[in-house]
Amino acid sequence: MEGCGTVDNPVSVEAYVYDGKPEHIIGVVLTGPPEERGRTYGRWLRHQIQANVDWHKGHPHLPLWDTCVKIAEAHYLPGLREYWTGGWRELQGMSETSGVPVAHLVVLNARDDIAALVPFKERASESTSVFFSDRATANNTPIVAQSWTSVGPPRDTEFLVCIKIKYPIAENKADIIMVTEAGRISGCGMNAKGMVATGNRLFSTDDGRGTSAEGFFPRTCFERFVLEYNDIDTVPYIPDDTPANTSRHILAVDKTGRYTSLELGPEHIFSHRGEFLVHGNHFQSFHAFCHRRELQDRYRGKWSQTRVSRFNELIKRNEGGVSRQQIMDMFSDHKGRPESICQHVGSAVDCSTMAFVMFDVKRRVISLCKGPPCSGVMSHFTFDGGEAAAADNKRLEGTKAGPMGSKSDSVGTKEETNANNEARVEAVSKAACPPSPRPTPARDPTA
């Protein structure tokens with residue numbers, strides 16, 4: 001099995017057409033203003049979005065669905081409106097074409113925040129993020145890599161999508177390529193200026209205490225929010241403008257190798273540095289340890305600590321600098337199962353590695369695979385031309401985005417063309433992810 005592109009000759013998302021191969025991730029390009037980006041997203045991935053929302057209605061680490069919707073409407077929906085207007089407008093457009101109520105999409109995009117508000121459940125969705133500086137790699141290029149696991153069988157990888165966002169010039173933002181789940185507007189990604197952002201769930205004793213703010217910004221969306229700023233120096237100040245009531249780790253790296261690694265609590269922000277940096281789902285900074293009277297780590301399992309410890313051990317074996325293949329091999333490590341870095345559903349494991357992503361920040365190449373990296377097929381993407389992005393965005397002015405981000409001339413586009421596009425979208429979406437029956441709701445952990 002082969003993926004698309006190579007590291008030396010990556011493909012653009014525009015050139016990538018989902019061909020029905022189960023090992024390939026669906027690619028979609030979103031253009032135009034926020035509402036139109038959302039409509040294209042909802043139109044192209046309608047069945048995947050519906051199926052993903054249905055799966056979360058029975059998610060074992062969330063409250064009953066009605067409770068989730070009430071939490072979203074009371075706290076995260078107002079926060080998105082106030083602190084991230086563009087994201088909120090995208091969700092409204094997505095709701096129009098996907099047929100999913102906007103409050104349900106908000107739940108999907110605030111999933112980790114809502115999960116952190118209920119009694120802690122071990123083996124929740126977890127992730128491992130690693131940053132290698134130019135001094136730590138064999139070819140002297142900074143690399144960021146991440147994998148994440150989720151409860152359930154590997155079939156859930158059908159929800160994974162690779163999204164490229166091409167902003168109109170009026171928004172003054174660099175284009176972004178993200179890897180995420182259908183229906184979510186944030187995920188680990190890279191922008192056209194070479195800045196990368198990844199996120200990891202954290203649990204603290206401050207989660208859920210609330211503040212005087214009327215709405216909370218969902219930290220689950222923070223990676224995308226960071227990428228829209230484009231400046232590594234501003235990242236540490238962003239949380240001050242966005243009140244939250246849950247915790248998260250954010251790693252941001254720019255094309256020069258400068259980085260910031262932040263552990264965000266609702267009221268505290270801690271940072272830590274290193275030539276290589278490995279982060280899981282527990283607080284790790286020295287400053288967080290020193291401030292334990294004010295904030296304590298609420299992660300009670302040992303899986304995250306085991307992954308981080310094992311990864312540091314593997315890195316130290318390669319003092320001469322690690323290659324891309326060695327990084328992939330580290331993420332494929334199975335030692336210490338069921339707490340291993342690479343995980344598979346089995347007799348003692350109820351989680352699977354859903355995806356592995358690697359970012360080459362100098363060459364602006366995103367390499368990714370569905371499922372565990374030990375057996376996955378790598379595909380390689382990049383931005384189309386980089387410096388041509390500004391010209392592309394100018395051409396978007398006054399145009400209307402159609403399926404897969406294709407541009408139509410005007411409002412007077414022929415009805416026959418629209419019908420053909422709609423039929424193509426419907427056929428590909430159904431083939432990629434046919435509707436599935438609604439799962440049995442899980443017991444409400446708050447009951």
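Me: At roughly what angle do the axes of helix 2 and helix 4 cross?
Reply: In this predicted model, helix 2 covers residues 46-56 and helix 4 covers residues 85-98. Their axes come within 10 Å of each other. Angles of 65 to 115 degrees count as roughly perpendicular, and helix 2 is roughly perpendicular to helix 4. The crossing angle is roughly 100 degrees.

Me: Which residues make the contact of helix 2 with helix 4, and how many of them are charged?
Reply: Helix 2 contributes R46, I49 and Q50, while helix 4 contributes M94, T97 and S98. By class, two of the residues in this contact are nonpolar and three are polar. The number that are charged is one.

Me: How many residues of helix 1 are buried, and which are they?
Reply: Helix 1 spans residues 34-44 and has eleven residues. Nine of them are buried, so helix 1 is largely enclosed by the rest of the structure. The buried residues are P34, E36, R37, G38, T40, Y41, G42, R43 and W44.

Me: Which helices do the buried residues of helix 5 pack against?
Reply: Helix 5, residues 102-109, is mostly covered, with seven of its eight residues buried. Those buried residues are A103, H104, L105, V106, V107, L108 and N109. They pack against helix 2, helix 3 (65-83), helix 4 and helix 6.

Me: What is the volume of the largest cavity?
Reply: A search of the whole structure finds four cavities of 30 Å³ or more. The second largest cavity has a volume of about 50 Å³. For the largest cavity, the volume is about 390 Å³.

Me: Which residues that line the largest cavity are the closest to its centre?
Reply: The lining of this cavity consists of 28 residues. By class, seven are nonpolar, twelve are polar and nine are charged. The closest to the centre are R111, S125, W148, E181 and R184.

Me: Which elements give two or more residues to the lining of the second largest cavity?
Reply: The residues lining this cavity are D112, D113, A116, R201, L202, R219, T220, T246, S247 and R248. By class, they are two nonpolar, three polar and five charged residues. The elements giving two or more are helix 6, strand 8 and strand 9 (247-253).

Me: Where is P338, and what is the omega of the peptide bond from R337 to P338?
Reply: P338 lies in the loop between helix 10 (324-331) and strand 13 (351-360). The peptide bond leading from R337 to P338 is cis. Its omega is near 10 degrees.

Me: Is N172 buried or exposed?
Reply: N172 sits in the loop between strand 5 (160-166) and strand 6. Its phi is near 55 degrees, a positive value in a residue other than glycine. Exposed means over 50% relative accessible area, and N172 has 67%. N172 is therefore exposed.

Me: Is N230 buried or exposed?
Reply: N230 is in the loop between helix 7 (222-227) and strand 9. Its phi, near 70 degrees, is a positive value in a residue other than glycine. Buried means under 20% relative accessible area, and N230 has 17%. N230 is therefore buried.

Terms used:
Residues numbered from 1 in each chain as written. Predicted model: local features only at pLDDT ≥ 70, side-chain atom pairs only at ≥ 80, totals over all residues. Heavy atoms only, no water. Axes fitted to C-alpha atoms, helices over the stretch in contact; angles between N-to-C directions. Helix = DSSP H or I, 4+ residues; strand = E, 2+ residues; numbered from the N terminus. Parallel < 35°, antiparallel > 145°, perpendicular 65-115°, else oblique. Contact = heavy atoms within 4.5 Å. Nonpolar A, V, L, I, M, F, W, Y, C, P; charged D, E, K, R; others polar. 1 Å grid on protein atoms, 1.4 Å probe; cavity = no way out; pocket = protein on both sides within 12 Å on 5 of 7 lines; lining within 4 Å. Points joined across faces, edges and corners; volume = space filled by probe spheres on them. Buried < 20%, exposed > 50% of the residue type's maximum accessible area, 1.4 Å probe, protein only.
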